[in-house]
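Thanks, everyone. Please look at the screen.

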Amino acid sequence: MSERKGSAGPASGIPARGYRWEPFQPGHLLSTRHGANAERFVQPIADAVVRWARERAPWLDDLDGPALESWARAEARCVLLADYLDVHGLVDAEGEPRSALRALERAESSAMRARERLGLDPRSRAALARERADAVLHAADLEQVRAAGREALERVEVVGTARDVEDQEDGS
């Protein structure tokens with residue numbers, strides 16, 4: 001049986017050194033890299049992003065809550081991944097792009113789409129303002145059509161009443 005240098009234990013025929021690693025404790029951070037997939041890191045940042053948006057985007061209301069939460073989580077992931085890449089670099093020791101770089105690209109893309117849907121970038125905010133102005137204009141146009149319809153009905157009722165009176169006078 002050949003023995004490998006540095007290996008010990010029953011398979012090698014060399015007695016084990018008699019020590020063990022302490023088991024990981026709940027809540028440990030030893031395997032955490034960037035935290036972008038860890039709820040305990042993402043959620044506090046997402047909560048701060050939601051507060052920021054609610055203070056600065058008055059057009060968002062309670063119905064936007066799920067979309068706002070989704071966007072905030074994407075933004076939180078962007079923050080965590082960008083921080084990680086700032087510290088560790090874009091490429092690993094072998095010169096390969098880190099997987100966190102691809103994750104950041106996906107998170108940025110997701111965050112950008114959500115920003116657009118919520119009106120949180122200049123172009124979508126302008127489009128949202130145009131749509132609201134059009135809605136107000138169309139509501140005013142609709143009210144004018146309704147008013148014209150009411151006037152027409154009143155004229156028909158007056159004409160109909162006048163004819164009834166004439167018919168009654170002719171028949172008497």
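Start at Ala46. Leaving aside residues up to four places away in sequence, Ala46 touches Ala72, Arg73 and Ala76. Touching, or contact, means heavy atoms within 4.5 Å. Ala46 sits in helix α1. Helices here are DSSP runs of H or I with at least four residues, strands are runs of E with at least two, and both are numbered from the N terminus.

Is Ala46 buried or exposed? Ala46 is buried, with a relative accessible area of 0%. The cut-offs: buried is under 20% relative accessible area, exposed is over 50%, and partly exposed is in between, using a 1.4 Å probe and protein chains only.

Some ground rules before I go on. This is a predicted model, so local features need pLDDT of at least 70 and side-chain atom pairs count only at pLDDT 80 or more, while totals for chains, interfaces and linings use all residues. Residues are numbered from 1 along each chain as its sequence is written, and side-chain values use heavy atoms, with hydrogens and water left out.

Now the whole chain. It has 4 helices and 0 strands. From the N terminus, the order is α-α-α-α. Of the 172 residues in the chain, 22% are buried. Take the contacts between residues at least 6 apart in sequence: 47% of them join residues at least 24 apart.

Back to α1, residues 39-56, and its partner α2, residues 65-88. Their axes come within 8 Å and cross at roughly 120°. Axes are lines fitted to C-alpha atoms, for helices over the stretch in contact, and angles run from 0 to 180 degrees between N-to-C directions. That angle makes α1 oblique to α2. The scale: under 35 degrees is roughly parallel, over 145 roughly antiparallel, 65 to 115 roughly perpendicular, and the rest oblique.

Who makes this contact? From α1, the list includes Phe41, Ile45, Ala46, Val49 and Trp52. From α2, it includes Leu68, Trp71, Ala72, Ala76 and Leu80. The residues of this contact divide into 14 nonpolar, 2 polar and 6 charged. For the classes, Ala, Val, Leu, Ile, Met, Phe, Trp, Tyr, Cys and Pro count as nonpolar, Asp, Glu, Lys and Arg as charged, and the others, Gly among them, as polar.

Two more residues here. Pro44 is in helix α1. Pro44 is partly exposed, with a relative accessible area of 46%. The C-alpha atoms of Pro44 and Ala76 are 8.4 Å apart. On the other helix, Glu69 belongs to α2. Glu69 is partly exposed too, at 34% relative accessible area. Not counting residues up to four places away in sequence, Glu69 touches Gln43 and Val50. From Glu69 to Asp47, the C-alpha separation is 8.1 Å.

Now α2 itself. Buried positions in α2 include Gly65, Cys78, Leu81 and Tyr84. The buried residues of α2 pack against α1 and α3, residues 99-118. Just after α2, Gly89 takes a positive phi of about 90°.

Last, the pairing of α2 with α3. They pack at an angle of about 150°, with axes 8 Å apart. That makes α2 roughly antiparallel to α3. Among the contact residues are Leu68, Trp71, Cys78 and Leu85 of α2, and Leu101, Leu104, Ala107 and Leu118 of α3. This contact divides into 17 nonpolar, 1 polar and 4 charged residues.

That's my tour. Over to you for questions.
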